[in-house]
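Have the coordinates open in your viewer as you read.

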Amino acid sequence: MTAPAVALLGTATALATGTPALARPFSTGEKSGAARAGGSTPAPGPETLGDPVYPALGNDGYRVLAYDLDLAYDATTLLVDATATLRVRTTQDLSRFSLDALGLDISAVRVDGCDAAFEQAEEKLRITPARPLRERDDVTVCVTYTADPRRTLPHTAWVPTPDGFAICPQPNSAHTVFPCNDHPSDKADFTFRITVPDGVRGVANGLLTRTENLPGDRTAYSYRSRSPIATDFERYCCGAGARSDFCRCTAEPAIRPIRWKHPAATAKSSGQVGR
């Protein structure tokens, strides 16, 4: 299985250079298409893609076109406050759809700017929009949540370290970091905005597009992915020491390897991973 988006937080990191093709960013106030008349009676979307190894992983009834992840790490609480905005296209009429999500404290869900009912059941986030969705609708889904990297879960991508955390989502744990359609068959574009305390750097897949100095001695780093990627291609590191954390990521377009090194996380992930 492959993986999605790489984000690193730390003081010693190498930034991507060059001018690769970039994912299209979300526009301010971007709206989905209106529901189409006709079609079948909307029904809940399947909560599986039928994977023989991970039958509960992934969801059907739509495909994700893009993820926009906005994450803020608090070095005092050690929590991550986040918003995940997904641009999806439905493949059938839907009264309800689901995302994979585990261990996330979800506070709000909006579909096309309207509040949506939601429930968390096992490793699924079930979302009921204010109106049924029609086949081939382009829909924007926004999920606001908080994550605790130190929470004990049946499986997790989070690896707490003495001065922060790392993230190792392969093969099936990206949805412990952000709500998603967590299956490598549903690749999507990614954009990231990572807010960290001053003295810590945020790094993600793709090209650095913006750096913001924020109130409260914080800095936000924004990136866009070079091409559509799978959800389990996610890597983050976070540390305050200039020498305590070192993450290096390289990618070849043909085989998409990730070479990743982190002193406190090698027990779970090291060397080359990828498809």
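Let's start with a pair of strands: β8, residues 117-121, runs antiparallel to β9, and the two are joined over five bridges. Keep in mind that this is a predicted model. Within that pairing, Phe118 has Ile127 in β9 as its bridge partner. The two strands make a hairpin with two residues between them.

**Aromatic pairs**

Now for the rings. A ring pair is described by how far apart the centres are and by the angle between the planes. How many aromatic pairs does the model have? The count comes to five. One of them is Tyr62 with Phe97: the ring centres are 5.9 Å apart and the planes stand at 70 degrees, and since anything over 60 counts as edge-to-face, that is the label this pair gets. It bridges distant parts of the chain, with Tyr62 in strand β3 and Phe97 in strand β5, 35 residues apart. Are these two residues buried or exposed? Tyr62 is buried, at 1% relative accessibility, and Phe97 is buried as well, with a relative accessible area of 5%.

Phe178 and Phe190 make another edge-to-face pair, at 6.0 Å centre to centre and 90 degrees between the planes. Phe178 lies in the loop between β12 (164-167) and β13 (189-197), while Phe190 is in strand β13 itself, so the pair ties together parts that are 12 residues apart in sequence. Phe178 is buried with a relative accessible area of 1%, and Phe190 is buried at 0%. Both Phe residues belong to a single aromatic cluster, along with Tyr67 and Phe192.

**Salt bridges**

On to the charges. Side chains of opposite charge can pair when their charged atoms come close. The structure holds 15 salt bridges, and three of them are set out below.

| Glu47 | Arg126 | 2.7 Å |

Take Glu47 and Arg126, which form a salt bridge with 2.7 Å between the closest N and O atoms. Glu47 lies in the loop between β2 and β3 and Arg126 in strand β9, so this pair ties together parts that are 79 residues apart in sequence. Both partners are partly exposed: Glu47 has a relative accessible area of 22%, and Arg126 has 23%.

Arg131 is in the loop between β9 and β10 (138-147), and Asp112 is in the loop between β6 (104-111) and β7 (114-115), so the parts tied together are 19 residues apart in sequence. Arg131 is partly exposed, with a relative accessible area of 30%, whereas Asp112 is buried at 12%.

Why does Glu212 count as buried? Its relative accessibility is 13%, and buried means under 20%, so Glu212 qualifies. Arg193, at 23%, counts as partly exposed. Elsewhere, salt bridges with shared partners join Glu47, Arg96, Glu119 and Arg126 into one network.

Which residues does Ser222 touch, leaving aside neighbours within four places in sequence? Its contacts are Phe192, Arg193, Leu207, Leu208, Thr209, Arg210 and Glu212. Ser222 itself is in strand β16, residues 218-224, and counts as buried at 11% relative accessibility.

Finally, look at Gly45, in the loop between β2 (43-44) and β3 (62-73). Gly45 counts as buried, at 10% relative accessibility. Not counting residues up to four places away in sequence, Gly45 touches Asp60, Gln92, Leu94 and Arg96.

Conventions: Residues are numbered from 1 along each chain as its sequence is written. This is a predicted model: local features need pLDDT of at least 70, side-chain atom pairs count only at pLDDT 80 or more; totals for chains, interfaces and linings use all residues. Side-chain values use heavy atoms; hydrogens and water are left out. Helices (H or I, at least four residues) and strands (E, at least two) are DSSP runs, numbered from the N terminus. Buried means under 20% relative accessible area, exposed over 50%, partly exposed in between (1.4 Å probe, protein chains only). Contact means heavy atoms within 4.5 Å. Two strands pair if DSSP finds at least two bridges between them. Rings of Phe, Tyr and Trp (its six-membered ring) pair if their centres lie within 6.5 Å; planes under 30 degrees apart count as stacked, over 60 as edge-to-face and the rest as tilted. A salt bridge is a side-chain nitrogen of Lys or Arg within 4 Å of a carboxyl oxygen of Asp or Glu.
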